[in-house]
Amino acid sequence: MSIIRPFRATDLFAFNNINLDVWTETYGISFYLSYLARWPDLCCVQQAPNGPLMGYVIGKAEGTSTEFHGHVTALTVAPEFRRLGLARSMMSFLERVSNDVYGGFFVDLYVRCRNGVAIGMYEGLGYSVYRRVREYYGSLGLGPGGKDDEDAFDMRKPLSRDPFRRSVRPNGRDMIVSAHDVS
Amino acid sequence: MSAAALDRQIRPIYDALDTGSNKSAILACNKLLKKYPKSDLLKSLKALALVRSQKVEESLVLCDEVLASKPTDDSTLTAMMHVLRHLGRHSDMVVMFEDAFKRQPGNEELGVQTFFANVRTGNWKTAQLHATKLKKQFGDDRYVYWGIMCAILQANDHITPPNMCDLLYKLAHRLASSVWSATEFNPDRLHLYLSILRKLHLYDDARTVLDSEQGKSICSRSLACDELRREIWKEKGWLKEEGKLAEERIVHKQDRNWLEFLSVLDATFSSLTSSNEAPDASAREECTQEAARVRILFTKVAEEDGRKDRSGLLALLELEKRARIHDVSSDPSRLVDLLQQYHETFGDKAASYEDLKPYLDMDGEDLTRWISYLDGLPHSSSSLADLQRSINVYKLSRYNLQPSQYTVELEVPRALHLKQEYLEALSLGKDLPKTELQPADDLAILAAQVYVGLYSLSGDKDHLQHAIVFLEYASKKSPQSYLIHLHLIRIYRLLGAPQPALEHYRLLNVKQVQNDTLSHYILNRASDFSLAASGDLTYASECLESSQIYLSNTQEVKKGNTQTNPRRANVRQTADFIVRAFNGEKYSQIPDFIAFEDRLDNSLERDLVKMEHVRMRITHETINSDLIDMELIELKFIFERMHHDNRDFALLPNYQPLGQPSFVTQTTLMRKQPGFGWLSVFLKIYIRALQQASDMDNTVEEKLLIGDRPKPSTGPDNNVPLNDRVSIRRPEELAELTSDELTFYNYATDLADWLAPYHDHTRPPPSVVLAEATKQAELKTGHPLKGLEVPVDSGNGHAKKAEDAPLVKEAPASLVTFFTHMQSRFKALLESNSPSPELLHVASITQEALILLNIETLRFKNQSVIKVHKLGPLAQSFKAIRASAVGILGEMSKDLIALGEGEGTSESRKAFVEQCKDLQGDSNITHDYVLDVAKKVTDARKKVLEGFGKGIARVCTNHA
């Protein structure tokens, strides 16, 4: 139960309950505006009936020819609104737009290798690991999780334009690339 | 010269600029300029490097040279664009591109850039005309849409008169109808078209478009268009159709967007709400039947979804709530039944309490049933689900706590009980990594709010200490809980311990735009805690840091020619994105970007912080004409702004019972929240004082400023001259002041009224001021001031005026009594052992009054002014007031220092620990742990009391 509506520039004044969470990054204003100025249809928020924002997704469309795809740049849900299926509904929104509006071949996203909960959720939604990107998250340094803390999985899910599932592969976890090789 | 050779030589300059090596860029430019002294590109690049190194004056010279030559080549124009943006000369940018386009009218890129330059300045009218020109010349349809967007933006601009608005929308409509086609599939073009139809109430036209295949297809994939469609339907009152559509989506597409449920609900009650007259029996009957039908629908949804989605059950609650409002509810027990059902199904979700809150306002039988239901529920923390349920029950019971049950005697055991529950529940999260939130956090927050409520009930600050001890413990267990940090910040400030509050604020890692919405947690009334006078600039720099976000996003007019405190680049970031949105035809975003920019540029918090910073600054800096002139210009700009309040107060949950003051209210210092009125009063105080102290009158200021001026204010008094507006007093503004601030305001007004005639008489004439400014600028930069003709004046600056000086009047008695009044306020607070924030507030206001006196009398420190104008008696009367003020402040200083010393003793720590004894008692919150917290609190209090006391002593010496 929540309102799904477009992400607006003025939502930046209201997303504190989401962004004060340790895993959610607050970027410069230009970050959000540059997405809204180009892919407003790939950004949406979920709002509780009584006002507060619950979560949001920010995405973009990129790549050329068969690599053209929707990309999930940020997906986040405020702690008090977790376990309600919000992430799932925002992902399906982004997949729908990537498929229907942009005609992308797949949707992809990056997730910390250590974030088992998130990886499990994405797998449940039909995503699989395409490759492992070394030192994608540099800022935290090596924590107790070792390399899993700073490496990312690039996870993908094919859309209807890729009926033969050419954009995914079964052994993605073993395909290791460095952060320089990905955009 | 060959173009290629020059190109090769210029490359390093670009590289230097890119890497921020402005110095080497300037050197490289100088070298090449010797070879090619006429190159506009080199000049503009040098101007850019200069302006980036804050050498505004030199840059201006080059800049004007290049502009005069009317450049047309791309690279020069681009470089100049950056220079002009840095200088805030957006209008010059428009002229530059216009000239270039006139010279090369076939150059589409130049035409587009001219359009963008107008967009950057918000010059919608010219931009619209220019777009029409572009369409004629180059034929592209998008130029028509650009023109439409500009017409709408001009209509929405607050400076456009209402009758003009309508015309502009009609123009937009004419343009849109000419270009709209049935094959158009760009959602943003549709959005733009619809927004015009909506504004002009052409609902049927909108409906024709939306009901077509084209419209349906676009709405199905664009949330923005669908949102607009929904609003149009609602406005026109097509509730039934919309409800039917929504029902289909809910049933057939499993759409669970809450907006669909609201549409069904609106339709259900439309027979009662659609007309203004009282509904008749048949309408009532229709509604009752419809409600029964929808109830079955929602019940089915709820059953099907089970625990997967809350919409069905919540919609049933909303249905019942509205049925009761309209008096068509058929079952008096249904509300509580539904609440119970909701709690049983979703009680283990954290959101459940907030979900139910709108339905809890009840009484009589309902309330008794609901309370007894809640009382009968077991509390357990054996699993995460049980714990969450238990937490929700605590919150729910507390919400409906009756006044008879809300007493100190009953609340104390409740707090201790919550503490116990919290400690037991901690075991559930003991294996979680530090980055995770503890599932029991909310119990700690509840307990803290109970303690704060107790403080509010009893005025006993021991309860606040309890809250601190407990929350600090919880914060250690759950270091990432921002809510715990925020609670601690509010409570520490209430206890007069600003240092730990600041530490917790820093742990929040507030960044970027969050500074605007969150800095009030720490900077609200920060000058009361600032130790700037004694040399500790922590708060002053916190103000500056939190304000960076505005500087990097705004255009500022700089006092260029006499600038002493160079500002960072003032690039209007948002304007760039508006341009981008035009370029990519994302029209739906443009009004939002403008609204965003407006809210950020004219943020109330921005200027509250600015005001606090000025108040801190004057306690530690020498008051001289530079400071006076700079602040005066800035405050006058601020005074013209129409402010927006972006402060995020909703972030803090409120767990106090219905009807009691909220947690935010209870933790607001002195129970007064500075807002628009407070800001207005302080701006008036300071603008008046600084205006009197300054030699710079309006004509001088106009000549010394560079860059564009802000758009004129459209406030209610915009036709009243500023000088009169600063004297207007409004009751609603006064209501935001503490009693001490009000006294101060009266003092400041009396002071200004008294001295105004003497200032006006002795202020040197504009010609003298300008001559002096030119001299200073030339000394500094080697260039005379640009565009300034100083009239020849034979006087020496103190030329005697034709008329005699006004008669010296005795100082108003209120000036002296102000200080004695503040003295007795201070003593009374001291004796009643009041919390230190109020004590500091009184001391701070008294100190401010002394400094204000000094600002107002600075001009008369100059002995020659006194002599020439025969104002000796006036100077004598300041001395008396000052001496009395210094005496009183000296005593306050001593008292504060003594109080601070008392705080830092082992006795005070012991007393603290003793008071919190009931929190100790097991292995978790030990005696030593409480002692640590006691030390933290008492040390912080000692620091601020002593520091403030010493600061006052220093201010007294400086201003004696």
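C150(B) has a relative accessibility of 0% and therefore counts as buried, a term applied to residues under 20% relative accessible area, with exposed used over 50% and partly exposed in between (1.4 Å probe, protein chains only). The closest cysteine sulfur to that of C150(B) belongs to C165(B) and is 15 Å away, too far for a bond. With a disulfide defined as a pair of cysteine sulfur atoms within 2.5 Å, the count over all chains is 0. In chain A, C113(A) is likewise classed as buried because its relative accessibility is 9%.

The model is predicted, with pLDDT of at least 70 required for local features and 80 or more for side-chain atom pairs, while totals for chains, interfaces and linings use all residues. Residues are numbered from 1 along each chain as its sequence is written, chains are lettered from A and ligands numbered from 1 in the order in which they are written, and side-chain values use heavy atoms, with hydrogens and water left out.

The size of an interface is often given as the accessible area lost when the parts come together. For chain A and chain B, the buried area (the accessible area, 1.4 Å probe, that two parts lose on being put together, summed over both) is about 4300 Å², of which 65% lies on carbon and sulfur atoms. Contact, meaning heavy atoms within 4.5 Å, involves 42 residues of chain A and 49 residues of chain B. R8(A) and E227(B) form a salt bridge, with 3.2 Å between the closest N and O atoms.

Polar contacts are pairs of N or O atoms within 3.5 Å; within protein, one atom must be able to donate a hydrogen and the other to accept it, and residues adjacent in sequence count only if both atoms are side-chain atoms. Across the interface, 11 residue pairs are in polar contact, both residues being at pLDDT 80 or more. On the side of chain A that touches chain B, at least two residues each come from strand 1 (3-6), helix 1 (16-19) and helix 2 (29-38); helices (H or I, at least four residues) and strands (E, at least two) are DSSP runs numbered from the N terminus. Helix 2 of chain A gives the most to this side, with 7 residues.

K586(B) lies in the loop between helix 32 (573-583) and helix 33 (590-601) of chain B. Residues up to four places away in sequence aside, K586(B) touches A37(A), R38(A), P40(A), D188(B) and A581(B). Its relative accessibility is 18%, so K586(B) counts as buried.

Over all chains, the structure holds 73 salt bridges. One of them joins D11(A) to R5(A), at 2.8 Å between the closest N and O atoms, and both residues are buried. Another pairs R295(B) with E320(B) at 4.0 Å. This pair links distant parts of the chain, 25 residues apart, with R295(B) in helix 18 (residues 281-305) and E320(B) in helix 19 (residues 311-325) of chain B. R295(B) counts as buried at 14% relative accessibility, as does E320(B) at 1%. Salt bridges with shared partners join D226(B), R229(B), R230(B), E242(B), R249(B) and E260(B) into one network. E260(B) is located in helix 16 (residues 258-268) of chain B and is buried, at 1% relative accessibility.

Terms used:
A salt bridge is a side-chain nitrogen of Lys or Arg within 4 Å of a carboxyl oxygen of Asp or Glu.
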